[in-house]
Every structure is written in C-alpha cells, then in structure tokens.
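Here's a quick briefing for anyone meeting this structure for the first time. Take a look at it, then read on.

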Amino acid sequence: MIHFERDGRRFNFRVAGVALHDERVLLQGTDHEPFWTLPGGRVEWLEPSPEALRREMREELGIEVHVERLIWVVENFFEYEGHLVHELSLLFSIS
C-alpha cells in the first residue's frame with residue numbers, strides 16, 4: 001500500500017467510493033472509532049485507482065461495484081493514533 005511514516009508523521013494515498021441511493025450516501029463506521037468514512041482504502045504500488053477501489057469494496061463489503069467517474073480529489077490533514085497524517089484521497093462515484 002502507498003503509505004509512508006517518518007518522525008511521527010504519516011502519508012496515505014487512499015481511494016473511496018460515493019454510492020448514492022434515494023438521496024442517501026453509503027458510509028462505514030466501526031465500534032472502536034468515533035467517526036464515519038466513505039468506504040475504500042489504500043492503493044497498492046502500481047495499482048490503478050479504480051481497480052484499488054473495486055478490490056477494497058470486495059474485501060470490505062464482499063460486493064462488486066462499477067467505478068464510474070472521479071468526482072473529488074481531497075487533501076486532508078488530521079491526527080490519528082498519535083500521528084500527524086497527510087492524506088490524499090481520490091473519490092469516485094460508484095454503483
């Protein structure tokens with residue numbers, strides 16, 4: 001996966017899917033985190049982003065999705081598990 005750590009700082013390259021149905025958006029959460037995210041995950045080396053999203057959706061939700069178009073590129077900075085994180089995410093519409 002494309003993920004670097006140095007001096008307590010972390011960089012992630014992530015893909016996520018935006019699935020809309022009846023004016024609702026699919027989000028995922030866990031029992032141990034206080035927040036929700038769009039489903040997706042980290043991209044592997046030399047893996048095209050749409051394929052990474054299809055793989056992550058199979059792994060996380062056990063479903064096949066059609067990756068449509070890139071709708072947003074999001075750069076985010078936050079703290080997580082004691083690390084300062086710089087994350088670059090590609091968000092695709094999916095069906």
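In which loop is the place of Glu-23? Glu-23 sits in the loop between strand S3 (20-21) and strand S4 (24-25). Keep in mind that this is a predicted model.

**Overall build**
- The protein chain has 1 helix and 7 strands.
- Starting at the N terminus, the order of those elements is β-β-β-β-β-α-β-β.
- With a radius of gyration of 14 Å, close to the 12 Å from the globule rule for 95 residues, the chain is as compact as a globular protein of that length.
- Along the principal axes, the C-alpha atoms fill a box of roughly 40 × 30 × 25 Å.

**Inside and outside**
- Out of 95 residues, 36% count as buried.
- Take the contacts between residues at least 6 apart in sequence: 53% of them join residues at least 24 apart.

**Charges**

- Glu-23 isn't a glycine, yet its phi is positive, at about 65°.
- Because its relative accessibility is 85%, over the 50% cut-off, Glu-23 counts as exposed.
- Glu-81 also has a positive phi, near 50°, and is a residue other than glycine.
- You'll find Glu-81 in the loop between strand S6 (67-80) and strand S7 (83-94).
- Glu-81 has 59% relative accessibility, so it counts as exposed.

Technical notes:
Residues are numbered from 1 along each chain as its sequence is written. This is a predicted model: local features need pLDDT of at least 70, side-chain atom pairs count only at pLDDT 80 or more; totals for chains, interfaces and linings use all residues. Side-chain values use heavy atoms; hydrogens and water are left out. Helices (H or I, at least four residues) and strands (E, at least two) are DSSP runs, numbered from the N terminus. The radius of gyration is taken over C-alpha atoms; the globule rule is 2.2 Å times the number of residues to the power 0.38. Buried means under 20% relative accessible area, exposed over 50%, partly exposed in between (1.4 Å probe, protein chains only). Contact means heavy atoms within 4.5 Å.
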